[in-house]
Amino acid sequence: METTIIDIGNYKFFNEMLLPEAYARLEEGTPIFALGLVDEGIACGALAGRPKGSVFQLTSFFVAQSYRQKGGAKILLESLIDCMKGQGDLQEIDASFTMFTDDHRLFEGFLEHSGFVYEKERSPIISVALGALASNPFYLEEPETRKVRHFSELPESCLRELDKAMRVADGAPLAQPLDKAEIDKELSVAIMDGNRITSFLLFDHSFAGMLTLAFADPGHKDGAAEFAAMLRGAYQTAVKRYPPEAKIVIQPVNSFSSALVQKLAEGYEVVSKTASLSLN
Amino acid sequence: MKTFQNWGDESTAQQTKEAYTNELLEEQQILQMRSHASQVAVNGAATVSRPPVQAPAAKQSYKERREHAKKEKLAKKLCPIGTAEALDLASILKISEVSRGENITADRIRRAQAIGVDVRNLGSFADPFNINSKGLPASPEDEAVKQRNDDFAEDYLSNDATRRMPFLVQTKNDFINESFNLKESDLSTENVLKNGFELKRRADLFVGIEAIQRENRAFFPKHENPDEQTFEEKVLKEQEAVNSIFSSALIQKMAAVGVDAVSARIYSYSSEDQEAIQKGEMMQAVLTEGYKDLLPKTKARTQKLFEDEVKLRAKRNVTEVMYDGNVPLTEDEKDVEESTWLKNALEGEIDNSSRSIVDAYKRQDQLLTIKYGVSFPDGASELQYADMKHCRDMIANNGGAYVNNRELIDLIYTDFYRALSLVGSKTMEKVSYQTVCDEVGGSQNDLIQKNLGSVANEMMTKSMVESGSIERRASRLQDLMSHLLRDKPMNDETAELLEKYRAKVQNPGQADDKGGDN
C-alpha cells in the first residue's frame with residue numbers, strides 16, 4: 001500500500017472515503033490537504049484536514065472495510081507526518097470527533113495506539129439514556145405543565161419572532177431559521193408571555209438522528225422555576241414517545257449548562273473526543 | 001479583491017484582513033505539504049460497505065460556534081486583540097489566582113516575614129479550586145482543596161523540616177517532571193491559548209522553586225564548586241536556564257494574545273495596556289527563539305549527565321558482581337590453586353572492595369586462561385572462553401583441512417576472537433547496567449532516581465541489542481570454521497559470509513566488511 005496526494009485529477013476515486021465536507025472542498029477547489037491510500041492502483045482509504053497555525057486539524061480519516069488490518073491507517077498517518085515535517089511550522093495533529101458508530105471506536109483506539117493523547121474538552125458532547133433519568137427525584141416531581149407549551153401548539157409566527165430577536169441579540173439558536181428547521185415540536189417546549197416566547201427548550205435530531213437538546217434558554221437569571229417546569233414537561237413527553245434506552249445528546253457550552261448536566265443528567269457518557277499528537 | 005471592496009467599520013475590516021491573511025497562510029502551508037507528498041496512479045476504488053459518517057465534533061458544532069462568536073464579540077469589546085480563547089484563559093487564570101491566594105492571610109504574611117519565607121509561594125504552590133458567587137468553595141471537593149492549601153501553608157510556616165518534607169519531595173519531583181516534559185511546541189500560540197493555565201502553573205513552579213531552594217538548603221544543597229556538586233544538584237542546575245527562559249517567554253506570549261498573566265486579566269484599550277501588548281509581541285518572538293534553541297541543548301546535556309552517572313555507578317557495581325563468585329572453580333583449577341599468583345587472586349576476590357573493575361576482569365581472566373588457554377582481558381563469560389577453546393581444538397584436530405585453507409581460517413579465527421571479545425564486554429556492560437537498574441528500582445517516588453533507572457535500562461537494552469548482533473556474527477563464524485575444518489553443512493547466510501571472506505583473501509587490500517549482515 002502507498003499514499004498519494006488527492007487533487008483535482010483523482011479525487012473522485014476517494015468520494016466514498018472522505019467525509020462530505022472534505023470532499024466538497026476538493027470539489028470546489030477550496031484549501032484542504034488530502035492524502036489517499038492506494039493498493040495496486042485501487043483507492044482504499046483517505047485522510048483530510050487543514051493546517052491552522054502550528055496545528056494540523058485532521059477532519060476526515062477512513063480505510064475501506066476490506067482493506068483494514070493491513071497497516072493502511074498507519075501508512076496514511078505516517079505519510080501525513082512526513083508531509084508536515086517538510087513544513088516546519090506544523091508541530092501537532094489534532095483530531096476531534098464524536099463517537100456513535102463502531103468505526104469511531106476503531107478510530108479512537110487507532111489514535112491512542114499511534115501515540116495521540118486525549119484531552120479533557122471544555123464543552124464536551126454527552127449522551128444519557130432516557131431511562132437513566134428516571135431515578136432522578138427532579139423528574140419525579142409533578143410537572144407544572146399549565147404554563148409550559150409545546151412548540152407544536154404554537155403559531156409559526158412566534159417561532160419567527162423568537163428567531164429574529166435572538167439573531168439580533170446573541171445569534172440564532174439554530175443554523176436554520178426556527179420556522180424552517182427540523183425541530184422536534186412535540187418535545188420542544190416554551191413558556192410564553194402573551195404571544196412572546198420568554199424561555200424555551202429546543203429538541204431536534206441533528207446529532208446523527210438521535211434526540212438532541214439543541215438549545216436551552218431559561219430567559220432570565222431567575223428563571224430557575226420556569227426552567228425546571230420546562231425540563232419536567234419535556235421529560236414527561238419523552239418517556240411517552242421513546243423507549244428507556246433512547247439516548248439524549250446534549251452539549252453544555254457554558255458553566256450554567258455544565259452545572260445543569262452534572263445535576264440533572266447523572267450517568268451520562270462523554271461521546272466527543274479530542275486527541276492530539278505532538279511531533280516533537 | 002472582492003473581500004476588500006467593503007471595508008465596513010474598523011474592527012470588521014481588521015477581522016477581514018486577519019481572515020484573509022490566515023487563509024493565505026493556510027493555502028501556503030497546504031502547498032508546501034503537497035510538495036512533500038507522492039503521487040501515484042489511481043484507476044479504481046475499493047468497495048465501501050459503510051462510508052464514513054459525519055457527526056459534529058464538539059469544537060465544530062453550531063452550538064459551540066455560536067457560543068464562541070458571543071465570546072469573540074465580548075473579547076473584542078474588552079481588548080483590541082481579544083479573542084474568545086484569550087477571554088477563557090484570562091477567566092480561568094483569575095479563578096486560579098484568587099483561589100490559590102486565599103491561604104495568604106495577614107497573619108501568615110507576618111509569620112512568613114519573621115522567618116524569611118517568600119510569602120508569594122504559599123499561593124504559587126497551592127492548588128486552585130472553584131468559588132461560588134458568595135466567594136466560598138463551590139463544592140465539598142473544592143472545600144477539601146482549600147483545606148489542603150491551608151494545611152500546606154501551616155506546615156511550611158512551621159519551619160519544621162519534618163512537616164515541610166512531603167511538600168519538598170513533591171516539589172522536587174514536580175520540578176523534574178515539568179522540566180523533562182518541556183517541548184518546543186509548548187509555546188506555540190495555539191498551545192498557549194489552549195493550555196495556558198497548565199503552562200502558567202509550570203512557570204510559577206519554575207519561578208517559585210528558587211526561593212524554596214534558598215529557604216531549604218538542607219534539602220536542596222548548593223555547592224559552587226562543580227566537583228563538590230551531587231548528581232541531583234547538577235541535574236536541577238542544568239534545568240535552570242531553559243526553565244527561566246520558558247517562564248519569561250510564556251508571560252510575553254500571553255501578553256501578545258492580550259492576556260496579562262501576572263494579574264490574570266484581559267488587557268484593555270488603555271495606552272498602558274497597549275504598550276504591554278506591543279512589548280509582548282516583540283519580546284515573545286525573541287524569547288521563544290531562545291527557548292527553542294536552548295531546549296534541545298539542555299535535553300542533550302541532561303541525558304549525558306544521566307548516562308555518565310549510570311556509567312559511574314555501573315563501574316562500581318560491576319566490581320560487586322564479579323565478587324558474587326560467578327566463576328566456579330573446577331577440580332583442575334583447584335589443583336593449580338597452590339600457585340602463588342592464583343592464591344593472591346583468590347584472596348583478592350575475597351576482599352577487593354576497593355579494587356577497580358579492570359582489576360576484577362584481569363583476575364577472572366587469569367583464572368579462566370588457565371582452564372581454557374585463551375585470554376579475554378576485557379572480560380567475558382565462561383561460555384566465550386569455552387567457544388574459543390572449541391574452535392582452537394577444531395583446528396588442532398583437523399590439521400589437514402587447516403593447511404588447505406590456512407589463510408582463510410586464520411582470518412575467520414581472528415574475527416571470531418574479536419567477536420567473542422566484544423560479546424564478553426557487552427555482557428559485562430549489560431550486567432553492570434542491570435545492577436544500576438536494581439539499585440534504583442526501589443526509588444520509584446524519586447523522579448531523578450526513577451529516570452536514572454530508565455536511562456540505565458535504555459543503556460542495558462542498547463548493550464543487549466549490540467551483543468545480540470555480535471553474537472549472531474560469532475555464531476556464523478563458528479559455523480564457517482566447522483564447515484571448513486570438518487566439512488559440516490552451512491546455511492545460505494553462512495555461505496554468503498564465506499564468499500565475502502574468500503573475496504577478502506583474494507583481494508587483501510579491499511575495505512573491511514562493515515557487516516551489513518550483523
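Mentor: Start with pairing: two strands pair if DSSP finds at least two bridges between them. Helices (H or I, at least four residues) and strands (E, at least two) are DSSP runs, numbered from the N terminus. This is a predicted model, where local features need pLDDT of at least 70 and side-chain atom pairs count only at pLDDT 80 or more, while totals for chains, interfaces and linings use all residues. Residues are numbered from 1 along each chain, chains are lettered from A in the order written, and side-chain values use heavy atoms, without hydrogens and water.

Trainee: Which strands make up the open sheet of chain A?

Mentor: Seven strands, in the order β8-β9-β10-β11-β12-β7-β13, with mixed pairing.

Trainee: What makes β8 (148-150) and β13 (269-270) of chain A edge strands?

Mentor: Each pairs on one side only. β8(A) pairs with β9(A) (residues 189-193) in the antiparallel sense, over three bridges. There, A:Arg149 stands opposite A:Ala190.

Trainee: Why are α17(B) and α18(B) called roughly antiparallel?

Mentor: Angles over 145 degrees count as roughly antiparallel. The axes of α17 (residues 406-440) and α18 (residues 447-486) of chain B cross at roughly 160 degrees and come within 7 Å. Axes are lines fitted to C-alpha atoms over the stretch in contact, with angles from 0 to 180 degrees between N-to-C directions. Therefore α17(B) and α18(B) are roughly antiparallel to each other.

Trainee: How many residues of chain B are in contact with chain A?

Mentor: 48 residues of chain B, against 78 residues of chain A. Contact means heavy atoms within 4.5 Å.

How values were computed. Angles under 35 degrees count as roughly parallel, over 145 as roughly antiparallel, 65 to 115 as roughly perpendicular and the rest as oblique.
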